[in-house]
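User: I'd like to learn how to read pockets and salt bridges in a model. Can you walk me through one?

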Amino acid sequence: WRGREGAPYSTLVPSDEVTINYRHGLPVITLMLPTRSERCQFTVKPVVTTVGAFLQDVQREDKGIERAEVFATDGSKVSDATLMEVLLMNDFKLVINNTAYSVSPPVKDKLSSEHATEMEDIKSLVHRLFVALHLEDHQIRKERELLQKLDHLKGELLPLEQMKARIMDSADAKTSRLLWVGLALMSTQGGALAWLTWWVYSWDIMEPVTYFITYGSAMAFYAYFVLTKQDYIYPHAKDRQFLHYFYRKSKKQRFDVERYNKLKDDLAEAEESLRRLRQPLHLRLPIQEINDKD
C-alpha cells in the first residue's frame, strides 16, 4: 500500500482493527489509539460531519497522532470536505501516522417504504410546528430591523433632500430666465425686421435677409440634433437645460448625486420589503402589535 507521492506505509492493518457499527441509526467508529494503546469510539453524524472534522476529533483524542488521512481503495486521497455519509458507502483506508487501516463499512439496513413514508411525515410535521412557533417572532424581528433601517436612511436623506430642493429651485429659476430671454430675443428680432422692412428698407431688400436668418435657424436646430441625438422639442430642450444647471450647481455645492440616488434606491427597497413583510403580519398579529409598530 502506497500513499501520496508513492511513499509506502510501514504497516497495513487488517480491517478488524477499525470497526464500524450502527447504534440508534448513527455510525460508531471504533479504533485503537496508537500512543494511548486503547480503543476509542467515535460517534459521527454522517449527514453533517465531514472527513476533516472526524480526523480532527481523532487527533484531539490522541495528541501523539501527527498525521491522519483517509484514502480510497485505489490510493486517491479523500477530501476533508467529503461528508462521512459518502465515505461510509464504500471501503476506504484510514492512515494514522505510518499505519494504514483497511476499513469495510457495514451495509446499513434500508428503511422500508412504509417506514420511510412515516419518517417523512414526521419530519414534515416537525417542520410545520417549528414554522408555526418561530416564524411570527422572526417576522416581528425582521420588521423591527427594517424600521430601524428606514429611520437611518431617512436621517441620511433629510439633509440631502433639503440641499437638492435648493439646487432644484435655483436650476428651475435659471431655466425659466433662459426661456424668457429667448422670448425677448425673438421678439426683438421680429421688431427689428419689421422696422427695417417698413421704415428703413423695402421688402425686396429684407427678403434675402429673412431667408438667411431662417436658414441659419434651421442649421442651429440641425446642429442641436447632431450634438444631442434628439429633436429640438421645447419640453425636452427645457429639461436638458434644467439638468445642465442642476448638475453644475450640484458640483459647486458638493451635492453627491450618486450617493443620493443610492440612498433613494435603498429606501425604496426597504419600504417594499416592509410592505411585503406586513401583509402576512396583518393576518397573523394582534391589532395592538401592528399599531405599536406603525
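Analyst: Start with the largest pocket, which holds about 580 Å³ of space. Its lining has 18 residues, and the closest to the centre are Leu 178, Leu 179, Gly 182, Tyr 232 and Tyr 234. This is a predicted model, where local features need pLDDT of at least 70 and side-chain atom pairs pLDDT 80 or more, while totals for chains, interfaces and linings use all residues. Residues are numbered from 1 along each chain, and side-chain values use heavy atoms, without hydrogens and water.

User: Which element gives the most to the lining of the largest pocket?

Analyst: That's α3, with 8 residues. By class, the lining has 12 nonpolar, 4 polar and 2 charged residues.

User: And what is a salt bridge?

Analyst: Side chains of opposite charge can pair when their charged atoms come close. The rule here is a side-chain nitrogen of Lys or Arg within 4 Å of a carboxyl oxygen of Asp or Glu. The count comes to 7 salt bridges. In one of them, Glu 156 pairs with Arg 259, the closest N and O atoms being 3.2 Å apart. This pair links distant parts of the chain, 103 residues apart: Glu 156 sits in helix α3 and Arg 259 in helix α6.

User: Glu 69 and Arg 67 also meet in a salt bridge; is Glu 69 buried or exposed?

Analyst: Buried means under 20% relative accessible area, exposed over 50%, and partly exposed in between (1.4 Å probe, protein chains only). Glu 69 has 8% relative accessibility, so it counts as buried. Arg 67 is partly exposed at 28%. Their N to O distance is 2.7 Å.

Definitions and conventions: On a 1 Å grid over the protein atoms alone, a cavity is a set of points where a 1.4 Å probe fits but cannot get out, and a pocket is an open set with protein on both sides within 12 Å along at least five of seven lines; lining residues have an atom within 4 Å of a point. Grid points are joined across faces, edges and corners, and a volume is the space filled by probe spheres set on the points. Helices (H or I, at least four residues) and strands (E, at least two) are DSSP runs, numbered from the N terminus. Ala, Val, Leu, Ile, Met, Phe, Trp, Tyr, Cys and Pro count as nonpolar, Asp, Glu, Lys and Arg as charged, and the others, Gly among them, as polar.
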